[in-house]
Amino acid sequence: MATTQTPFIFSSKPFIHNTHTRLLHLLNDSIVDLSHLKQIHAHVLRTIHTNHHPQALFLHSRILHHASLFDLEYATRIFHHFHNPNSFMWNTLIRGYAKTAHQKHKSMELYKSMLMVEQEQQSGAVIPDNYTYPFVLKACAFLFSLFEGKQVHAHVFKLGFQSDTHICNSLIHFYATCGFLDLARKVFEKMSERSEVSWNIMIDSYASAGEYDTALRMFCEMQRNHDPDGYTMQSVINSCAGLGALSLGLWAHAYVLKKSDKNMIDDVLVNTSLVDMYCKCGSVEIAKQVFESMPYRDANSWNSMILGLAMHGMAEEALDYYERMVKVEGLAPNSITFVGVLSACNHRGMVNEGLIYFDIMTKEYKIEPRLEHYGCLVDLFARAGHVEEAMNLVSEMPMKPDDVIWRSLLDACCKQHASVELSVELAKKVFESEGSSTYSSGAYVLLSRIYASASMWNDVGLVRKVMTDKGVNKEPGCSLVEIDGVTHEFFAGDTSHPQSEHIYKFLSEIEEKLEAIGYVPDYSGAPLVDEVNEGKRNTMRLHSERLAIAFGLLRSKPGMPIRVFKNLRVCNDCHRVTKLISRIYNVEIIVRDRARFHHFKDGTCSCKDYW
């Protein structure tokens with residue numbers, strides 16, 4: 001019977017310097033897998049009869065290090081073989097568990113055991129050092145263990161490590177991850193020396209928390225002492241995307257191209273961030289150019305492109321990119337991919353296609369549907385007029401529907417003129433759902449419209465009274481427009497802008513031109529109370545996006561698109577008016593509302609009046 005040749009041949013010589021050197025050489029250069037490590041470990045156990053010899057202790061520390069990379073259970077057995085493991089051994093095992101996906105809690109358990117041993121021995125042999133805390137804090141951040149993390153911070157201070165840059169970076173990351181940016185900032189401000197990593201963590205933390213302006217301000221401060229790297233630029237680009245600031249995004253892109261090395265220019269994460277940013281800033285064509293020029297694309301890159309196209313209502317292109325991803329590139333789609341695909345079908349009302357892709361996701365790729373997938377499918381059914389099918393799907397979902405799903409059903413009932421009874425029942429579901437505070441004011445407004453459509457004016461008044469009694473305020477419409485790199489903000493009926501007088505005068509000119517071509521207002525977007533039409537018309541003409549568009553027409557350079565970002569869904573009348581303005585003034589107007597992008601040009605909209 002043939003035997004497999006072992007890569008290591010050992011002699012049974014007693015432990016001598018040459019053997020020790022040879023074993024160290026094997027540990028440093030020849031470890032291929034766990035079986036090889038076990039051979040070396042077995043030879044050490046046969047030839048070294050004491051664990052207290054300094055050379056033996058060092059060898060076992062190296063074995064433990066390698067074991068922690070291959071098999072943590074094996075490493076743990078090695079660790080417990082020693083009665084008095086040193087700090088390096090404790091740190092090795094703590095680090096190993098901190099890097100695992102599902103056993104990070106054991107890092108904290110080990111750290112607590114380490115402290116107990118220190119207290120019992122009082123010899124200082126296993127005092128936690130500056131290598132211990134970054135990994136312990138990493139585990140605390142992953143587990144959101146604020147109380148334990150604060151205790152660790154106290155230990156850091158007690159042992160005099162508050163000036164250690166790496167530990168402070170870990171503290172910043174821990175507090176930011178737990179949602180305490182103020183505490184993270186305090187640690188950052190007290191640092192005697194900040195590294196590039198320190199700045200990156202703070203900038204990324206602010207960007208992740210949606211505090212984009214602060215993230216960009218910190219980026220400007222960082223450049224006084226440090227050159228940004230790929231991680232920095234990702235956070236900066238993501239902040240530009242969050243603000244919808246195309247000019248800043250273009251500047252960030254130019255910075256990457258001009259001041260970075262080829263590694264950053266070709267970096268898949270940086271380029272994916274650029275694709276996402278251009279899509280969110282309303283420039284999907286540049287997003288496609290960046291995407292197509294990428295030397296390497298991963299699943300996240302494809303997902304960003306598919307989601308971006310879906311957000312712009314370009315369903316056919318989004319599905320084409322999905323086909324390229326799967327059939328040409330051979331990449332397996334993931335859960336996020338199908339959120340993009342189903343969103344694309346939803347924005348175009350492609351019910352049959354949505355069902356087909358849902359089946360592909362669950363049956364071919366064995367992806368367990370999440371709430372987001374069901375939400376896309378429910379909204380797809382509901383907005384296409386299949387309210388009953390949408391309700392059936394909600395009742396069959398394996399998880400509890402959230403307020404977003406109930407709100408989409410209520411919105412569909414409003415548009416489809418469903419029964420008042422069903423609408424009232426759905427409104428109650430919105431109010432009862434967890435997290436409904438975000439959408440409850442919208443639900444009251446929708447319910448008010450439904451009552452008004454049925455001429456139930458007493459009930460309209462009751463809804464408004466309930467809102468007043470409960471302190472529920474209708475979210476004010478707000479629109480942003482960027483002119484020459486400066487963002488201007490408008491609220492409904494706003495008169496605070498320095499050029500308000502010119503804006504309202506120009507709005508009157510726009511209305512005259514609209515009337516000249518036969519425009520008649522659609523009052524469905526006005527407050528549905530028992531008021532005369534002229535009052536409703538005055539309310540609609542003051543909607544925030546109309547003020548932003550008027551200002552854009554006054555200040556934009558000829559031929560430049562006007563990009564408006566609105567916090568609410570655009571109403572029917574404003575949608576129609578914007579189409580007409582794009583034709584009258586021969587201008588492209590891009591509006592991002594709460595749900596999607598609308599591209600208005602030559603009197604038409606990219607959504608084809610389906611939104």
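When I say contact, I mean heavy atoms within 4.5 Å. With that in hand, hello everyone, and please keep in mind that what we have here is a predicted model.

Leu309 sits in helix α18, which covers residues 299–311. Is Leu309 buried or exposed? Its relative accessibility is 0%, so Leu309 counts as buried. Who surrounds Leu309, then? Setting aside neighbours within four places in sequence, Leu309 is in contact with Val284, Lys288, Met314, Glu317, Ala318 and Tyr321. For those of you who like C-alpha distances, Glu285 is 24 residues from Leu309 in sequence, and the two C-alpha atoms are 9.8 Å apart.

On to a pair of helices. Two packed helices are described by the angle between their axes and the distance between the axes. For α20, residues 335–348, and α22, residues 371–383, the angle is about 10° and the axes are 9 Å apart. Angles under 35 degrees count as roughly parallel, and α20 and α22 are therefore roughly parallel to each other. On the α20 side, the contact is made by Ser335, Phe338, Val339, Leu342, Ser343, Cys345, Asn346 and His347. Helix α22 brings Glu372, His373, Cys376, Leu377, Asp379, Leu380 and Arg383. Sorted by class, this contact of α20 with α22 has 7 nonpolar, 5 polar and 3 charged residues.

Now for the charged pairs. How many salt bridges does a search of the whole structure find? The search finds 17, and I picked a few to show you.

Take Asp411 and Arg569, whose side chains meet in a salt bridge at 4.0 Å, N to O. This pair links distant parts of the chain, 158 residues apart: Asp411 is in helix α24 (residues 403–416), while Arg569 is in the loop between β3 (562–566) and α31 (572–584). Asp411 has a relative accessible area of 13%, so Asp411 is buried. Arg569, at 30% relative accessibility, counts as partly exposed.

Next, a local pair. Lys465 forms a salt bridge with Asp469, and their closest N and O atoms are 2.9 Å apart. Both residues lie in helix α27 (residues 457–470), 4 residues apart, which is about one turn of the helix. Lys465 is partly exposed at 48% relative accessibility, and Asp469 is exposed with a relative accessible area of 56%.

And one more pair. Asp609 and Lys579 have side chains that meet in a salt bridge at 3.0 Å, N to O. Here too, distant parts of the chain are linked: Asp609 lies in the segment after β6 (604–605) and Lys579 in helix α31, 30 residues apart.

Last stop, the annotation. For residues 195–225, the span is 77% helix and 0% strand, with the end C-alpha atoms 9 Å apart.

Conventions: Residues are numbered from 1 along each chain as its sequence is written. This is a predicted model: local features need pLDDT of at least 70, side-chain atom pairs count only at pLDDT 80 or more; totals for chains, interfaces and linings use all residues. Side-chain values use heavy atoms; hydrogens and water are left out. Axes are lines fitted to C-alpha atoms, for helices over the stretch in contact, and angles run from 0 to 180 degrees between N-to-C directions. Helices (H or I, at least four residues) and strands (E, at least two) are DSSP runs, numbered from the N terminus. Angles under 35 degrees count as roughly parallel, over 145 as roughly antiparallel, 65 to 115 as roughly perpendicular and the rest as oblique. Ala, Val, Leu, Ile, Met, Phe, Trp, Tyr, Cys and Pro count as nonpolar, Asp, Glu, Lys and Arg as charged, and the others, Gly among them, as polar. Buried means under 20% relative accessible area, exposed over 50%, partly exposed in between (1.4 Å probe, protein chains only).
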